[in-house]
Amino acid sequence: MDTRLGIEDVKASLARMTGDEKHDESSTSTLDALWVLYDRVLRVDPADPTDPDRDRFILSKGHGPAAFYAVLAAKGFFPERELDGFLTWGSVLGSHPDRLQVPGVEASTGSLGHGLPLAVGVALALRAKGQHDRRVVVLCGDAELNEGSNWEAILVAPHLHLDALTLLVIDNHSSSIEMGPWEARLGAFGWDVAVVGGHDRAALAEALSRRPGGPNAVVADIPEGEW
Ligand SMILES: [Mg+2]
């Protein structure tokens with residue numbers, strides 16, 4: 001991985017993308033967590049993004065991919081100049097990430113509530129292939145977890161002992177339904193839960209690196225009104 005760059009470089013890259021469909025709040029609130037994932041946690045090779053022996057990341061809340069694109073560009077999955085074409089005609093960087101167009105994107109997402117069930121399937125597939133060291137991380141929004149499909153996945157993942165699976169929730173308090181307390185709710189289903197500051201990169205790195213022996217949930221708390 002390219003260790004020359006830092007979070008400030010990625011913030012500058014994010015600023016290159018503009019437009020009414022950028023979903024600034026949704027994408028910016030994910031930036032620190034995404035950077036930590038790609039800088040310190042996920043084992044993925046920008047030079048070989050389809051290497052079968054890689055970790056998988058799924059951006060389930062695909063309507064806010066700008067920070068994801070900025071991190072992928074910073075890590076060398078595609079040239080940073082591509083960011084300038086974000087949302088323009090002919091650009092591969094659309095308002096939802098396209099796995100067939102953008103190197104490093106594992107799943108085309110945007111229909112909320114699909115990413116976590118998909119990640120359960122990917123974790124099962126990795127197990128079936130004997131890739132026990134590989135991991136699957138899926139990023140969901142707090143309001144996205146209103147979708148019932150997520151709760152089927154949350155129910156079944158501990159039952160299947162999916163220790164490769166990490167659910168990363170960016171909780172920017174956008175849900176009109178109270179989703180917390182996360183430790184009690186997800187914990188009751190059998191998940192190991194850590195709630196950390198959404199901009200605390202050291203805490204995010206520690207929590208996202210855990211392999212607690214079952215499914216791991218990391219809730220990145222973004223105080224209401226902040227991005
Ligand atoms: Mg939210």
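Two strands pair if DSSP finds at least two bridges between them. Helices (H or I, at least four residues) and strands (E, at least two) are DSSP runs, numbered from the N terminus.

I am working with a predicted model: local features need pLDDT of at least 70, side-chain atom pairs count only at pLDDT 80 or more, and totals for chains, interfaces and linings use all residues. Residues are numbered from 1 along each chain as its sequence is written.

**Strands.** I looked up β1 (residues 56–59) and found 4 bridges joining it to β2 (residues 136–141), the two running parallel. Arg56 stands opposite Val136 of β2. Side chains in a regular strand alternate between the two faces of the sheet. In β1, Arg56 and Ile58 on one side and Phe57 and Leu59 on the other are all buried (buried means 20 or more other C-beta atoms within 10 Å of a residue's own, exposed 12 or fewer, partly exposed in between, with C-beta atoms placed from the backbone).

**Helix pair.** Next I checked α3 (residues 31–41) against α4 (residues 66–74): their axes come within 9 Å and cross at roughly 30°. Axes here are lines fitted to C-alpha atoms over the stretch in contact, with angles from 0 to 180 degrees between N-to-C directions. The two helices are therefore roughly parallel (angles under 35 degrees). I noted Leu31, Leu34, Trp35 and Tyr38 of α3 meeting Ala67, Phe68 and Val71 of α4.

**Pro117.** Last, I visited Pro117 in α5 (residues 115–128). Pro117 is partly exposed because 18 other C-beta atoms lie within 10 Å. Beyond neighbours within four places in sequence, Pro117 is in contact (C-beta atoms, placed from the backbone, within 7 Å) with Ser149, Glu152 and Ala153. The C-alpha atoms of Pro117 and Ala153 are 5.2 Å apart, across 36 residues of chain.

Terms used
Two residues are in contact if their C-beta atoms, placed from the backbone, lie within 7 Å. Angles under 35 degrees count as roughly parallel, over 145 as roughly antiparallel, 65 to 115 as roughly perpendicular and the rest as oblique.
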